[in-house]
Amino acid sequence: MEGVGRRLGKRGGSLLNIGNASLNGRENNVLFRNNGDGRFTEVGFVNGVDRIEDGRGMAIFDYDQDGRLDIALRNFYMPATVLRNRGDAAHWIRFDLVGTTSNRDAVGARLRLRAGDHWQTRIVNAGSGYVSSSSKRQHFGLGSASRVDEVEIVWPSGERTLLRDLAADQAYQVTEGRALADSR
């Protein structure tokens, strides 16, 4: 199969052989930081994420339960790698949802959180990437906010749960049909 695993080079359009292991080739991983103003900045080079690899899957989860999200990478013909977040700690809150009328994993539930003047939204999903899936736990970074003013959960069944005045740096289990979250 002539030309399989090749790309156009930067000079003159010549073909550059990138090997037989992958049709995608090896490219730098990228990591984007949300600037909070609708823009994102590529910061992979600062955090050591910009390694040249043949990425196949990525999952985001809190590996060491410290409130900072970590990344698991799966590359072609390589062992999985966990990139631990060692950045400055800030406040956070996490929700584990349990559906009763809705599906047990609450897939499709929408959480809307307000801390001060800042709003954030998360939707519970499953199967978030090729050969990978991130945690169904819903994690919110709060920055300097030590409390959450309110969280509205709209369950797949249409039922709504409203939680108010929650402490930061806590994990809450919320069960559909119950008014209060249980801190864990």
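What does the chain average in pLDDT, and what share of the residues score at least 70? This is a predicted model, and its chain averages a pLDDT of 82, with 82% of the residues scoring at least 70.

**Confidence along the chain**
- Of the chain's elements, β11 has the highest mean pLDDT, at 98.
- At the other end of the scale sits strand β1 (residues 6–8), whose mean of 43 is the lowest.
- Over residues 1–9 the pLDDT stays under 50, and the model gives this stretch 25 contacts beyond four places in sequence.

- Nonpolar side chains tend to be buried together in soluble globular proteins.
- Here, the largest nonpolar core has 21 residues, and Ile-93, Phe-95, Leu-97, Leu-113 and Leu-142 have the most contacts inside it.
- Strands that each supply at least two residues of this core include β10 (91–98), β11 (110–115) and β13 (138–143). So do β14 (147–154), β15 (160–167) and β16 (170–175).

**Asp-62, a buried charge**
- You'll find Asp-62 in the loop between β7 (55–61) and β8 (70–75).
- Asp-62 is buried but has no salt bridge. Arg-94, the nearest side chain of opposite charge, is 4.7 Å away, while a salt bridge needs the charged atoms within 4 Å.
- A polar atom of the Asp-62 side chain does lie 3.2 Å from the backbone nitrogen of Asp-66.
- Beyond four places in sequence, Asp-62 touches Gly-67, Arg-68, Leu-69 and Asp-70.

Key:
Residues numbered from 1 in each chain as written. Predicted model: local features only at pLDDT ≥ 70, side-chain atom pairs only at ≥ 80, totals over all residues. Heavy atoms only, no water. Core = buried A, V, L, I, M, F, W, Y, C linked by side-chain atoms within 4.5 Å. Buried < 20%, exposed > 50% of the residue type's maximum accessible area, 1.4 Å probe, protein only. Helix = DSSP H or I, 4+ residues; strand = E, 2+ residues; numbered from the N terminus. Lys, Arg positive; Asp, Glu negative; His and termini not counted. Polar contact = N/O pair within 3.5 Å; in protein donor to acceptor, adjacent residues only side chain to side chain. Contact = heavy atoms within 4.5 Å. pLDDT = per-residue confidence, 0-100.
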